[in-house]
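Please read the points below alongside the coordinates. They take up solvent accessibility, charged pairs, a pocket and a surface patch in turn.

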Amino acid sequence: MRTAVGLVVCLLLAGLPTAAAQYDPARTHAWPGEPIDNHVHLTWASLTLDVNNWAEDHPDVVSLTSAGTSELGKTLWVVRLSDWSMDTKPNGSAKEIVYIDGGHHGNEYLGTALAYLTAKTYINGWNAGDAAIVETLQNTELHILIMLNPDGNDIDTRWNINQVDLNRNYDHYWNTCPTTQPGSSAFSESETASNSAYMNTHVTDADLYVTMHTGVWIMLYPWGKWPEQPPDWELFHFIRDDVHEQVSLIPIQNATQGLYPNCGTSRDYGYGVMGFPTFTFETDDEQFVPGSFEALEDRLGEEMDVMHYLIENVWFWRARLSVDALEVSEDRISATVHNLGHASTANATLQHLDEEGNVRWTSPLFNVNATNSTTLTFEANPTWIDPDGHWNLNYQKRVINAATWVNETVDGERVLLVESEEAGLLLGTGLFHPMTSLLGVVLIGWARGRRKDIIV
Ligand SMILES: [Zn+2]
């Protein structure tokens, strides 16, 4: 489809003078030095100038760092974008983290271009006072490693300088699929070792990782190794359906089904080892279209819309549990837990801790499905309650084993006591003193979403 459109554009423009493609400085998203993507590509030297200028000109929003160097010693620049006047969101909570890389394959310019355009779009939007972009950057850190394979990029080849396919060199079932040139061992190449070190050091809590390529117009989620859907299939399917409904009809599939079995990829590593929701964004049916005069921002406009969607909704790409009501009686503890995120979680527990922080009670494990509400009932005789203690909720942000753990304190105002028939059971002071116990069952509303009752 897109190939056909591209050909039509080529044919239509074939008779036009080249002046029609002259650089328009108002086109702020245009490819640096070239307004067209006719295989005139960004060199590492040019990128180096650009990213340093961005950092120098816009220190309020651009922080430049390096993930390491290529095999030939070229710096792997990471452009970090956020409102750096604040370490946290305006409400004091931690900012969401998004990780993006481009250019694993040095001849896939449109993939590298999408990473570059993503960075430039957010910088330009910030400087223009675009309300949505300003809000995003107040609440989010974007870490964008635009060109992972500068040695291969500069000589127009898929491989790195050692003739290794970097996107088969990651330590996730490395070299267990039919493939070519995966390297001598996992992370044998400085580019992939540097990328994984950056993931493990600076963006461990990312709630989105997009790795950008080109050659097929498709977005691929894990797994490449297996044809089965990943444990967080609900999250990936939600994003697929919502993107199709709201943004673009780009195909979004499990990588094995959408492409072919592939192992040792950054996508499977990002999800299987780091626990990130991960997409390989293949930007176009063609790796390049020689002679095309279509401006890059037009060429990748729809893809940028998808990136805006993924970034601006990153808050939802995890389980996000909220205890709406926690009710304690003489023989049971009931909790109504709402999941505000679009990922399910397993292995969750509720705990009571005393004033010193010692765990006095831990519930059995429970699950909460994506965008759902669950009422849990635990049989217990809570004589262990510390009136000065508190309740904690522990859970993983996603179902995948590698997902980050969250430990959150339950809002004390959500904790309710049911008066005991047998005086003395819930002895204590303050909230837990019998005189201050609440009569009957009082619940705080939790009207949102579907509900189900579980006896654990
Ligand atoms: Zn590629």
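1. A residue is called buried when its relative accessible area is under 20%, exposed when that area is over 50%, and partly exposed in between. The model discussed here is predicted, and the terms are used in that sense throughout. R360, with a relative accessible area of 38%, is therefore partly exposed. Its salt-bridge partner is D354, with the closest N and O atoms 3.5 Å apart, and D354 itself counts as buried because its relative accessibility is 5%.

2. Side chains of opposite charge can pair when their charged atoms come close. The count of salt bridges in this model comes to 12. One of these joins D165 to R158, with an N to O distance of 3.1 Å, and here D165 counts as buried because its relative accessibility is 2%.

3. D207 lies in the loop between α6 (190-202) and β5 (208-213), whereas K397 lies in the loop between β15 (390-396) and β16, so the pair ties together parts that are 190 residues apart in sequence. D207 is buried, since its relative accessible area is 3%, and K397 likewise counts as buried, at 2% relative accessibility. The two residues also belong to a network of salt bridges that links D205, D207, K397 and R398.

4. The pocket has a volume of about 310 Å³ and is lined by 17 residues, of which A94, E96, R318, R320 and E408 lie nearest its centre. Sorted by class, the lining consists of nine charged, six nonpolar and two polar residues.

5. On the surface, L72, I155 and I161 form a nonpolar patch, and together these residues have about 270 Å² of accessible area. L72 is placed in the loop between β1 (62-69) and β2 (75-81). With a relative accessibility of 53%, L72 passes the cut-off of over 50% and so counts as exposed, whereas R360, at 38%, is partly exposed.

Definitions and conventions
Residues are numbered from 1 along each chain as its sequence is written. This is a predicted model: local features need pLDDT of at least 70, side-chain atom pairs count only at pLDDT 80 or more; totals for chains, interfaces and linings use all residues. Side-chain values use heavy atoms; hydrogens and water are left out. On a 1 Å grid over the protein atoms alone, a cavity is a set of points where a 1.4 Å probe fits but cannot get out, and a pocket is an open set with protein on both sides within 12 Å along at least five of seven lines; lining residues have an atom within 4 Å of a point. Grid points are joined across faces, edges and corners, and a volume is the space filled by probe spheres set on the points. Ala, Val, Leu, Ile, Met, Phe, Trp, Tyr, Cys and Pro count as nonpolar, Asp, Glu, Lys and Arg as charged, and the others, Gly among them, as polar. Patches are made of residues with over 30% relative accessible area and no salt bridge: like charges are joined within 9 Å, nonpolar side chains (Val, Leu, Ile, Met, Phe, Trp, Tyr) within 5 Å. Accessible areas come from the Shrake-Rupley method with a 1.4 Å probe; for residues, only the protein chains shown count as cover. A salt bridge is a side-chain nitrogen of Lys or Arg within 4 Å of a carboxyl oxygen of Asp or Glu. Helices (H or I, at least four residues) and strands (E, at least two) are DSSP runs, numbered from the N terminus. Buried means under 20% relative accessible area, exposed over 50%, partly exposed in between (1.4 Å probe, protein chains only).
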